[in-house]
Amino acid sequence: MKKSILSLVTLVVIAFFSYSFNNNNTNTITENTMVQANDSILRHVVLFKFKDGTSAENIKKVEDAFHALPSKIPQIAGYEWGINNSPEGLDKGFTHVFFLSFKSEEDRAIYLPHPDHKAFGAVLGPHLDDVHVMDYWTSN
């Protein structure tokens with residue numbers, strides 16, 4: 001009987017500490033995520049692979065249309081772009097990268113359905129073979 005009571009008390013203590021640890025750990029993760037979000041920039045990385053045979057003139061039209069977006073959509077906090085020049089040969093046919101920054105997920109949520117972003121998609125669409133998009137919060 002004493003062994004049963006001792007075992008039960010031990011299980012209750014383990015369960016209590018396990019619950020307390022998990023609860024505190026979850027709060028810490030949530031707090032760290034909030035701090036990271038407040039101190040970070042949201043990056044939106046877009047890579048394009050153009051269809052075979054797309055002319056340089058049409059690629060230039062796509063580039064120009066993307067370059068115009070920061071002047072049309074004020075939620076874009078930063079903008080960079082470039083053409084792949086990696087010697088590694090791992091690009092899988094992706095040639096162009098566009099790198100947008102947002103101050104919040106709300107700003108990105110305004111950008112994504114924005115009429116000027118949609119109009120850019122109409123310029124890009126006929127020439128696009130593939131696209132790869134990733135978003136992330138910067139961290140120190």
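In helix α4, the residues His117, Phe120 and Leu124 are buried, where buried means under 20% relative accessible area, exposed over 50% and partly exposed in between, with a 1.4 Å probe and protein chains only. These residues cover an arc of only 55° around the axis, which puts them on the same side of α4; the arc is that of the directions from the helix axis to the C-beta atoms. This is a predicted model, in which local features need pLDDT of at least 70 and side-chain atom pairs count only at pLDDT 80 or more, while totals for chains, interfaces and linings use all residues. Residues are numbered from 1 along each chain as its sequence is written, and side-chain values use heavy atoms, with hydrogens and water left out.

**Overall arrangement**

- The protein has 4 helices and 4 strands, which follow the order α-β-α-β-β-α-α-β from the N terminus on; helices (H or I, at least four residues) and strands (E, at least two) are DSSP runs, numbered from the N terminus.
- Of the 140 residues of the protein, 24% count as buried.
- Among contacts between residues at least 6 apart in sequence, 78% join residues at least 24 apart, with contact meaning heavy atoms within 4.5 Å.

**Helix α2**

- Helix α2 comprises 17 residues (56-72), which at 1.5 Å a residue should span 24 Å, and the distance of 25 Å between its end C-alpha atoms agrees with this; the expected span is 1.5 Å times one less than the number of residues.
- Within α2, the buried residues are Ile59, Val62, Glu63, Ala65, Phe66 and Leu69.
- Seen down the axis of α2, these buried residues fall within an arc of 160°, so they line one face of the helix.
- An α-helix has 3.6 residues a turn, so residues three or four places apart point the same way.
- The exposed residues Ala56, Glu57 and Ser71 sit on the face of α2 that is turned away from its buried side.
- Elements that cover the buried residues of α2 include β1 (42-50), β2 (78-83), β3 (96-102), α3 (105-111) and α4 (115-124).

**Packing of α2 against α4**

- The axes of α2 and α4 come within 9 Å and cross at roughly 175°, where axes are lines fitted to C-alpha atoms, for helices over the stretch in contact, and angles run from 0 to 180 degrees between N-to-C directions.
- The two helices α2 and α4 are therefore roughly antiparallel to each other, given that angles under 35 degrees count as roughly parallel, over 145 as roughly antiparallel, 65 to 115 as roughly perpendicular and the rest as oblique.
- On the α2 side, Lys61, Val62, Ala65, Phe66, Leu69 and Lys72 meet Asp116, His117, Phe120, Val123 and Leu124 of α4.
- By class, this contact of α2 with α4 has 7 nonpolar, 1 polar and 3 charged residues; Ala, Val, Leu, Ile, Met, Phe, Trp, Tyr, Cys and Pro count as nonpolar, Asp, Glu, Lys and Arg as charged, and the others, Gly among them, as polar.

- Phenylalanine 50 lies in strand β1 and counts as buried at 9% relative accessibility.
- Leaving aside neighbours within four places in sequence, phenylalanine 50 is in contact with Ile59, Val62, Thr95, His96, Leu124, His127 and Asp129.
- Phenylalanine 50 and glycine 93, which are 43 residues apart in sequence, have their C-alpha atoms 8.0 Å apart in space.
- Tryptophan 81, in strand β2, is partly exposed, with a relative accessible area of 36%.
- With neighbours within four places in sequence left aside, tryptophan 81 is in contact with Glu63, His67, His96, Val97 and Phe98, and its C-alpha atom is 4.3 Å from that of phenylalanine 98, 17 residues apart in sequence.

**Two loop residues**

- Histidine 114, in the loop between α3 and α4, counts as buried at 16% relative accessibility.
- Beyond its neighbours within four places in sequence, histidine 114 is in contact with Lys72 and Ile73, and the C-alpha atoms of histidine 114 and isoleucine 73, 41 residues apart along the chain, are separated by 7.8 Å.
- Lysine 92 lies in the loop between β2 and β3 and counts as exposed at 68% relative accessibility.
- The phi of lysine 92 is near 55°, a positive value in a residue other than glycine.
- Most residues other than glycine have a negative phi.
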